[in-house]
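Good morning, and thank you for joining this group meeting. Please look at the sequence and the structure as I go through them.

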Amino acid sequence: MNTAQAFTRVMEGTVRSKSRQLLAAVLAALLVGAAWYCVSAWRAAPAMSLQDNIIMAVAAILALVAGCGLITLMLYSYRKGDDESARSNRLPPE
């Protein structure tokens, strides 16, 4: 390996590392900004009654359960092989 190739490898690693750090910094800044906006909107909203809070909690739990269920079904069908194309070159299971 000559010096130019070694330098190129070092620079590629440095650029990848810096790109990842920049991406992480941008995503962290977006997360902080979104959290700040949510907290400020929450504080500015009028207080809800107990019944409204219960309905909101039940809706959030149902949405979470539905999302987890869909992701589980997607992973299950992927592992089972249901997502493959109809014209697969693979041999049928024995």
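Predicted model: local features only at pLDDT ≥ 70, side-chain atom pairs only at ≥ 80, totals over all residues.

In which helix is serine 77 found? Serine 77 lies in helix α2.

Let me first describe the chain as a whole. Its secondary structure consists of two helices and zero strands. The chain has 94 residues, of which 1% count as buried. It exposes about 9,200 Å², and carbon and sulfur atoms supply 68% of that area.

I return now to helix α2. This helix covers residues 50-80, which is 31 residues. From its first C-alpha to its last, α2 reaches 45 Å, close to the 45 Å expected at 1.5 Å a residue. After α2 comes glycine 81, and the phi of glycine 81 is positive, near 100 degrees.

Is serine 77 buried or exposed? Serine 77 counts as buried because its relative accessibility is 16%, and the cut-off for buried is under 20%. What does the side chain of serine 77 reach? It reaches the backbone oxygen of methionine 74, at 3.0 Å.

Next, I turn to the other helix, α1, which spans residues 3-44. Valine 26 has its place in this helix. With a relative accessibility of 43%, valine 26 counts as partly exposed, because that value falls between the 20% limit for buried and the 50% limit for exposed.

Definitions and conventions
Residues numbered from 1 in each chain as written. Heavy atoms only, no water. Helix = DSSP H or I, 4+ residues; strand = E, 2+ residues; numbered from the N terminus. Buried < 20%, exposed > 50% of the residue type's maximum accessible area, 1.4 Å probe, protein only. Expected span 1.5 Å × (residues − 1). Polar contact = N/O pair within 3.5 Å; in protein donor to acceptor, adjacent residues only side chain to side chain. Areas by Shrake-Rupley, 256 points an atom, 1.4 Å probe, with all protein chains shown as cover.
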